[in-house]
Amino acid sequence: MLVCSCNYITDKDIKDTIVQLLDEDCWQLIVPAKVYHAMSKRGRCCGCFPNVVDLIIRTTEEYHAMRHSTEAELTVYMSRLRQFHEENRRADIERRLKGHRAA
């Protein structure tokens, strides 16, 4: 499935890149910009970033489930990733609202 129409990136391309990053360091924090940088791409409209974050979460969970990571390590990592996602989502919403305010 096509995830990023600006760069013509499929979900398989993103998943493969995430797995490569996890193979390098399985506990690193992966964000959309890091995935795009690893693919030598850049976000243009960035409308796909929420979908990329969801792919990162699902792929990371699958990766650790297949490699039998301990539950404690996985829980701490996933809660950190979800917190990062929520903080950035709030910043995006706030940014949009500020642009529509009257002077």
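Predicted model: local features only at pLDDT ≥ 70, side-chain atom pairs only at ≥ 80, totals over all residues.
In which loop is the place of Y8? Y8 sits in the loop between β1 and β2, the latter made of residues 9-10. The phi angle of Y8 is near 55°, a positive value in a residue that is not glycine. Y8 counts as exposed, because its relative accessible area is 65% and the limit for exposed is over 50%. A second residue with a positive phi is C46, at about 65°, and C46 is not a glycine either. C46 belongs to the loop between α2 and α3. With a relative accessible area of 33%, C46 is partly exposed.

The buried residues in α3 are V52, V53, L55, I56, I57, T59, T60, Y63 and H64. One of them, Y63, has R67 over the face of its ring, at 3.8 Å from the ring centre.

Strand β1 contains C4. At 4% relative accessibility C4 counts as buried, because the limit for buried is under 20%. Leaving aside neighbours within four places in sequence, C4 is in contact with I9, Y36 and C48. C4 and N51 are 47 residues apart along the chain, yet their C-alpha atoms are separated by 9.1 Å.

Y36, one of the contacts of C4, is buried, with a relative accessible area of 1%. How many aromatic pairs does a search of the whole structure find? The search finds one. The partners are Y36 and F49, in a tilted arrangement with 5.3 Å from centre to centre and 55° between the planes. Y36 lies in helix α2 and F49 in helix α3, so the pair ties together parts that are 13 residues apart in sequence.

The cysteines raise a further point. How many disulfides does the count come to? The count is zero. C6 illustrates why: the closest cysteine sulfur to its own, in C45, is 3.7 Å away, which is too far for a bond because a disulfide requires sulfur atoms within 2.5 Å. C6 is partly exposed, at 29% relative accessibility. C26, another cysteine, is also partly exposed, with a relative accessible area of 25%.

The last stop is helix α4, which covers residues 71-99 and includes H85. Is H85 buried or exposed? H85 is buried, with a relative accessible area of 12%.

Conventions:
Residues numbered from 1 in each chain as written. Heavy atoms only, no water. Buried < 20%, exposed > 50% of the residue type's maximum accessible area, 1.4 Å probe, protein only. Helix = DSSP H or I, 4+ residues; strand = E, 2+ residues; numbered from the N terminus. Contact = heavy atoms within 4.5 Å. Phe/Tyr/Trp six-rings, centres within 6.5 Å; stacked < 30°, edge-to-face > 60°. Lys NZ or Arg CZ within 6 Å of the ring centre and 35° of its normal.
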